[in-house]
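Today I opened a new notebook page for a structure I had not looked at before. Here is what I looked up, in the order I got to it.

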Amino acid sequence: MAKCDYCRGSIWFGGEREGNLRFCSRDCRQNGLLALSAQVPEDQMRRIVDDVYRGECPKCRGPGPVDLQTHYTVWSALVMTSYATRTQIACHGCGQKSRALSSVGALFLGWWGIPWGLIMTPVQIIRNIHGLMSAKPTDRPSASLESALRKAVAADLLRQDAEAARVGAPAGNAPIVS
Ligand SMILES: [Zn+2]
Ligand SMILES: [Zn+2]
């Protein structure tokens, strides 16, 4: 039985992979990556965060500041409704555009599921509108951008480890349970 590399619980079915590591759930994967990212030196992490924040927007190539942008989606088909909180690393303008598009998408595609479509469509639209009205270009990288980049850096380290193991070099996979 495979064990989760974060909580050490048994993985009965599926689970999530990252490099050579396996996790029982999405939460454990996120927490595991965050724990692993603590090994990245602070000044190196700061540099990565600053580079992304001050760099050009990866979506529109426009000038930043670039930060973590959140929007909310929902669509339904008969008895099933799918809704999600989505994040992307982009500029404020791209973030606003995604929030507006997701609101319009929800308006057309959200309702058609009973009962969750009827419940979640207004919820997601209100969340987007709230974001549209309250989101501002940030004057420094947000904590959520930093934690998203930390996880990305950790995932990258794991991929490099997996790659190294595949070509026969000793893998430096430290256990990440504290
Ligand atoms: Zn777990
Ligand atoms: Zn942009």
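Entry 1: I began with the zinc ion (ligand 2), whose site is tetrahedral, with angles of 106 to 113° among its four donor atoms. For four donors, tetrahedral asks that all angles lie between 85 and 135 degrees. The ideal angle for four tetrahedral donors at a metal is 109.5 degrees. I noted that this is a predicted model, where local features need pLDDT of at least 70, side-chain atom pairs count only at pLDDT 80 or more, and totals for chains, interfaces and linings use all residues. Residues are numbered from 1 along each chain as its sequence is written, chains are lettered from A and ligands numbered from 1 in the order in which they are written, and side-chain values use heavy atoms, with hydrogens and water left out.

Which atoms hold the zinc ion (ligand 2)? I found the SG atoms of C57, C60, C91 and C94, at 2.3 Å. Donors here are N, O and S atoms within 2.8 Å of the metal (3.2 Å for Na, K and Ca), and water is not among the atoms, so sites may look incomplete. Along the sequence, I read the donor spacing as C-x2-C-x30-C-x2-C.

Is C57 buried or exposed? C57 is buried, at 0% relative accessibility, while C60 is partly exposed at 41%. (Buried is under 20% relative accessible area, exposed over 50%, partly exposed in between, with a 1.4 Å probe and protein chains only.)

**Entry 2: two helix residues.** I then looked at V49, in helix 2 (residues 42-54); helices are DSSP runs of H or I, at least four residues, numbered from the N terminus. V49 is buried at 0%. Leaving out residues up to four places away in sequence, V49 touches P141, L145, E146 and L149, where contact means heavy atoms within 4.5 Å. V49 and P141 are 92 residues apart along the chain, yet their C-alpha atoms are separated by 7.2 Å.

S37 is in helix 1 (residues 26-37) and is buried at 1%.

**Entry 3: the domains.** The domain assignment, automatic or from a database, gives domain 1 (1-56 + 141-178) and domain 2 (66-134). Ten residues from domain 1 and four residues from domain 2 make the contact. I noted 28 Å between the two centres, taken over C-alpha atoms.

About 530 Å² is buried between domain 1 and domain 2, with 64% from carbon and sulfur atoms. Buried area is the accessible area (1.4 Å probe) that two parts lose on being put together, summed over both.

Key:
Four donors count as tetrahedral if all angles lie between 85 and 135 degrees; four count as square planar and six as octahedral if opposite donors are over 155 degrees apart and all others between 65 and 115; anything else is irregular.
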